[in-house]
Amino acid sequence: MTDIRNLKPEALWKHFYALTQIPRPSKKEGAASDFAKKFGEGLGLETHVDKVGNVIIRKPATPGMEDRKGVVLQGHLDMVPQKNSDVEHDFEKDPIQAYVDGDWVTAKGTTLGADNGMGVAAAMAVLESNELKHPMIEALFTIDEETGMTGANNLEGGLLIGDILMNMDSEDEGELYVGCAGGVETNVSIDYDMQNVPEGAKAFKVHMKGLKGGHSGLDIHRGRGNANKLMFRLFKEAVDSTGLKVAEVSGGDLRNAIPRECVAVVTVDGDKAEEFLALTKRFLAAIQEEYKEAEDNLGLDVEGTGIPDGVLKDDDLKNLVEAIFDTPHGVIKMSESVEGLIETSSNLAIVELKAGKLVIKCLTRSAVDEEKMKSAEGIKKLFDKIGAEVTFTGEYPGWKPNMDSEIMKTMGKVYEDLYGKTPEIKAIHAGLECGILGNVYTNWDMISFGPTIRYPHSPDEKVNIETVEKFWNWLIHSLENIPKK
């Protein structure tokens with residue numbers, strides 16, 4: 001088995017490997033922050049850790065490059081912790097087991113952390129090199145990008161002196177991103193008075209599983225199933241015919257990942273148990289046919305279980321099913337100004353019902369802030385009707401494209417010189433930190449790029465080996481050609 005540290009460019013891959021050995025799930029990336037701090041100090045470079053844990057490392061320009069604009073190389077330290085249900089892995093303790101699979105590097109049953117370990121590793125390789133030509137470099141490693149953009153939101157002005165931001169958190173090699181979507185999280189909560197389980201009822205544990213999931217921005221257009229939506233669709237079909245009642249639900253665990261699994265504990269009338277089992281088989285066959293192009297491993301396990309302590313009252317269940325059934329998931333609107341760009345989408349990310357307490361989280365994204373909030377307000381109205389408490393958190397702005405960007409033009413020419421073709425200029429339907437950071441450092445000329453990564457935010461995450469080398473070459477040649485001040 002090939003050691004990923006032997007892949008080219010070794011200068012980058014060795015740092016990526018080091019990051020895979022450091023547990024760094026979002027909000028638990030302290031070890032990674034300490035690692036980056038020690039790395040900078042070990043090189044004898046000016047290193048600063050701000051009040052929330054962002055790390056800034058400054059390296060002077062190489063001789064002859066002092067008259068060039070300063071560059072901020074930016075990536076985030078945290079990674080999305082997702083694993084397959086049959087994999088034993090503690091993201092707060094265990095290293096990622098990365099390996100080479102043909103033309104790709106992936107991980108054994110977990111997310112890989114190429115999002116955004118590749119960007120961080122590239123910056124570390126530039127900082128460490130004594131051979132590259134470059135202007136003054138500042139590496140900015142932010143924390144908690146995936147679950148709240150905490151690092152970007154709390155970065156203070158005046159800490160960085162560069163003029164150009166190179167965000168290395170995009171996931172298609174050969175593309176330059178000059179804009180991104182903003183987002184907002186809708187949080188729903190309600191406490192129910194549960195009723196006793198009817199006499200003679202039978203209980204079942206229902207497990208919707210095997211969906212691909214993925215990034216709730218980059219993969220939202222792929223037509224994949226949402227385990228939460230499918231589970232409540234099953235409820236809707238079964239309530240009247242089997243007397244179905246719901247005790248517990250647990251679906252999804254991250255706001256920015258399409259939910260792959262949902263587990264529920266339900267009861268049905270005792271004399272309807274066989275009818276319920278037959279209904280679940282028909283339901284599975286129907287959704288497998290419906291999603292045959294997008295989901296090749298969709299499954300539904302149903303097994304008997306112990307009688308729960310209580311179930312939702314009939315009216316409460318009916319109202320909840322209708323609200324979730326009407327909650328949008330997927331693409332809501334395509335851009336009218338940028339062909340092929342998703343303008344607005346929403347992800348029904350988390351549904352948790354336990355001991356009568358319901359929690360729901362949705363993440364809405366849009367390139368237009370007004371459309372983002374319009375969609376979120378629509379979700380709020382659905383749950384206002386059933387008496388839930390609804391709040392908005394984690395709102396962040398989009399990044400408006402600057403088609404006159406000097407760094408965009410410079411990097412476009414560099415890519416054409418290297419590879420004989422012009423890179424695509426795009427906006428991305430995902431939450432890059434550029435929009436937030438650019439509001440603090442308004443002088444920055446910003447760009448985002450990266451190697452090709454597929455299925456981020458899922459255990460199928462992988463990064464293409466060839467594109468890592470192309471990404472690296474593009475980066476180092478662009479640094480050699482940074483415009484003068």
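How many disulfides does the count come to? The count comes to 0 disulfides, a disulfide being a pair of cysteine sulfur atoms within 2.5 Å. The structure is a predicted model, in which local features need pLDDT of at least 70 and side-chain atom pairs count only at pLDDT 80 or more, while totals for chains, interfaces and linings use all residues. Residues are numbered from 1 along each chain as its sequence is written, and side-chain values use heavy atoms, with hydrogens and water left out.

For Cys-180, the closest cysteine sulfur belongs to Cys-434 and lies 6.1 Å away, too far for a bond. Cys-180 is buried at 4% relative accessibility, where buried means under 20% relative accessible area, exposed over 50% and partly exposed in between (1.4 Å probe, protein chains only). Cys-362 is likewise in no disulfide, its nearest cysteine sulfur being that of Cys-262 at 13 Å. The relative accessible area of Cys-362 is 0%, and this residue is buried.

Helices (H or I, at least four residues) and strands (E, at least two) are DSSP runs numbered from the N terminus. In helix α1 (residues 10-20), the buried residues are Leu-12, Trp-13, His-15, Phe-16, Leu-19 and Thr-20. Viewed down the axis of α1, these residues fall within an arc of 165° and so line one face of the helix; the arc is that of the directions from the helix axis to the C-beta atoms. Their cover includes β5 (104-107) and α11 (465-480).

Strand β5 contains Thr-106, which is buried with a relative accessible area of 9%. The Thr-106 side chain reaches the backbone oxygen of Glu-461 at 2.8 Å.

Technical notes. Contact means heavy atoms within 4.5 Å. A polar contact is a pair of N or O atoms within 3.5 Å; within protein, one must be able to donate a hydrogen and the other to accept it, and residues adjacent in sequence count only if both atoms are side-chain atoms.
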